[in-house]
Amino acid sequence: MSRPLLVVDDDTDLREALEEVLRDAGYTVLGAGNGLQALEVLRREPVPPALVLLDMMMPVMDGATFGRQMRQVDAWRDIPVLVFSASANARQVAEEMGACGYLRKPVDVETLLRSVAAHKVPETA
């Protein structure tokens, strides 16, 4: 079974658009509107995601808080996180939280798919 991707963004239109692009590329995709919802998704799913695409600025629980809480759980500690932010300091934020990379919003589809393919956990036979 292939591991899903988790897209975490409070902008519903953007999140759904990202999910659609990733599904069209053959991925199984889960979505969450903030960090707290993302933690609930991680708890509920039997298989951890191959990658988390994470917005930083969200209500309820922001991306940095989610990242810290995710890393405290052994089963989730090694899930790669790709920071997805409109912030000018997206790279710095990504480095501070130990993310595998970052994408600046808005991102084009090719860049998104290349980054996801490069950073996701490889499939195991």
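Close-up 1. Leaving out residues up to four places away in sequence, Leu-51 touches Pro-4, Leu-5, Leu-6, Ile-79, Pro-80, Val-81, Leu-82, Cys-100, Val-116, His-119 and Lys-120; contact means heavy atoms within 4.5 Å. This is a predicted model, in which local features need pLDDT of at least 70 and side-chain atom pairs count only at pLDDT 80 or more, while totals for chains, interfaces and linings use all residues. Residues are numbered from 1 along each chain as its sequence is written, and side-chain values use heavy atoms, with hydrogens and water left out. Leu-51 lies in strand β3; strands (E, at least two residues) and helices (H or I, at least four) are DSSP runs, numbered from the N terminus. Leu-51 counts as buried because its relative accessibility is 1%; buried means under 20% relative accessible area, exposed over 50%, and partly exposed in between (1.4 Å probe, protein chains only). From C-alpha to C-alpha, Leu-51 and Asp-78 are 9.6 Å apart in space, and they are 27 residues apart in sequence.

Close-up 2. β3 is covered on both faces. Leu-51 and Leu-53 are buried on one side, and Val-52 and Leu-54 on the other. β1 and β3 run parallel and are joined by four bridges; two strands pair if DSSP finds at least two bridges between them. Opposite Leu-51 of β3 stands Leu-5. The pairing of β3 with β4 is also parallel, over three bridges. Val-52 has Val-81 of β4 as its bridge partner.

**Close-up 3. The largest nonpolar core.** This core has 23 residues, of which Leu-6, Val-8, Leu-42, Val-52, Leu-54, Phe-66 and Met-70 touch the most other members. A nonpolar core is a set of buried Ala, Val, Leu, Ile, Met, Phe, Trp, Tyr and Cys residues joined through side-chain atoms within 4.5 Å. Two or more residues come from each of β1 (5–8), β2 (29–32), α2 (35–44), β3 (51–54), α3 (63–71), β4 (81–85) and α4 (90–96). With four residues, α2 gives the most to this core. A second, separate core has 15 residues, among them Val-29, Leu-82, Phe-84 and Val-116. In soluble globular proteins, nonpolar side chains tend to be buried together.

**Close-up 4. Contacts of Val-8.** Val-8 is among the residues that touch the most other members of the largest nonpolar core. Neighbours within four places in sequence aside, Val-8 is in contact with Ala-32, Asn-34, Gly-35, Ala-38, Val-52, Leu-53, Leu-54, Asp-55 and Met-58.

**Close-up 5. The buried side of helix α3.** Gly-63, Phe-66, Gly-67 and Met-70 are the buried residues of α3. They lie on the same side of α3 because they cover an arc of only 100 degrees around the axis, the arc being that of the directions from the helix axis to the C-beta atoms. These buried residues pack against α2, β3 and β4.

Close-up 6. Lys-105 is found in the loop between β5 (101–104) and α5 (109–119). Its side chain meets that of Asp-9 in a salt bridge (2.9 Å, N to O); a salt bridge is a side-chain nitrogen of Lys or Arg within 4 Å of a carboxyl oxygen of Asp or Glu. The pair links distant parts of the chain, 96 residues apart, with Asp-9 in the loop between β1 and α1 (12–24). Lys-105 counts as buried at 18% relative accessibility, and Asp-9 counts as buried at 0%. The side chains of Lys-105 and Asp-55 make a polar contact (3.2 Å). A polar contact is a pair of N or O atoms within 3.5 Å; within protein, one must be able to donate a hydrogen and the other to accept it, and residues adjacent in sequence count only if both atoms are side-chain atoms. Other than neighbours within four places in sequence, Lys-105 is in contact with residues including Leu-14, Phe-84, Ser-85 and Ala-86.

**Close-up 7. Other salt bridges.** The structure holds six salt bridges. One joins Glu-95 and Arg-91, with the closest N and O atoms 3.4 Å apart. Glu-95 and Arg-91 are both in helix α4, four residues apart, about one turn of the helix, and both are exposed. Elsewhere, salt bridges that share partners join Asp-9, Asp-55 and Lys-105 into one network. The side chains of Asp-74 and Arg-77 also meet in a salt bridge (2.6 Å, N to O). Asp-74 is exposed, with a relative accessible area of 58%, whereas Arg-77 counts as partly exposed at 37% relative accessibility.
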